[in-house]
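User: Please take a close look at a single part of this model and describe it in one connected answer. State the cut-offs behind each term as you go.

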Amino acid sequence: MTSHVPNEARVIALRPQAARPETRPAAARPAAPPVPPDRRPPTVREPLWRDLVGDVLRRERLAQERTLKEVAEAARISMPYLSEVERGRKEASSEVLAAAAGALGLGLADLLTRAQGELVRLTSRHTGAGRGTSTAGGRFDEMCLAA
């Protein structure tokens, strides 16, 4: 004789059902009121270092009226990789950055100083701080890099 057993697993609740608010149907949950666009906090995205360095490399290459191929060959890096570095898609090593900067007639320090200047310019626009001042009111003239 065969007994028919339903194909259901036995579920033992770890918490009582009343203690689980997510079990209420969606219609029973109060909907959050929509936030008007003028009351939403501004979303300011910090610039990424790779974007800044890539922008500096591209601007310098275009200012010299050189092609991506010419600079990549002079730097001995692949053209697609240099393109991705310029677009901020790849985080290049210091060796690659030094080679690309050298192919453009810049030193690594020149490249990083220009990128740091862009960072200060972009972030001071959002924070209201001026160039050369810290949030504590003191002066700073050094470049600080963290990895």
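Analyst: Contact here means heavy atoms within 4.5 Å. The model is a predicted one, in which local features need pLDDT of at least 70 and side-chain atom pairs count only at pLDDT 80 or more, while totals for chains, interfaces and linings use all residues. Residues are numbered from 1 along each chain as its sequence is written, and side-chain values use heavy atoms, with hydrogens and water left out.

As background, the protein has five helices and zero strands, where helices (H or I, at least four residues) and strands (E, at least two) are DSSP runs numbered from the N terminus. Along the sequence this reads α-α-α-α-α.

Helix α2 covers residues 68–75 and helix α3 covers residues 79–86; their axes come within 9 Å and cross at roughly 110°. Axes are lines fitted to C-alpha atoms, for helices over the stretch in contact, and angles run from 0 to 180 degrees between N-to-C directions. The two helices, α2 and α3, are therefore roughly perpendicular to each other; angles of 65 to 115 degrees receive that label, under 35 is roughly parallel, over 145 roughly antiparallel, and the rest oblique. On the α2 side the contact is made by L68, K69, V71 and A72, and on the α3 side by M79, L82, S83 and E86. By class, the residues of this contact comprise five nonpolar, one polar and two charged. Nonpolar covers Ala, Val, Leu, Ile, Met, Phe, Trp, Tyr, Cys and Pro, charged covers Asp, Glu, Lys and Arg, and the others, Gly among them, are polar.

R61, in helix α1 (residues 49–63), reaches this place. Neighbours within four places in sequence aside, R61 is in contact with R66, T67, L68, V71, E86 and L104. With a relative accessible area of 8%, R61 is buried; buried means under 20%, exposed over 50% and partly exposed in between, with a 1.4 Å probe and protein chains only. Over the protein, buried residues make up 24% of the 147 residues.

In the loop between α1 and α2 lies E65, whose phi is near 55° although E65 is not a glycine. E65 is exposed, at 71% relative accessible area. In the loop between α2 and α3 lies R76, also not a glycine, with a phi of about 60°. R76 is exposed at 78% relative accessibility.

How confident is the predictor? pLDDT is its confidence in each residue, from 0 to 100. Among the elements, α2 has the highest mean pLDDT (97) and α5 the lowest (88). The mean for the protein is 78, with 57% of residues at 70 or more. Over residues 129–140 pLDDT stays under 50, and the model has 10 contacts there beyond four places in sequence.

Technical notes:
pLDDT is the predictor's confidence in each residue, from 0 to 100.
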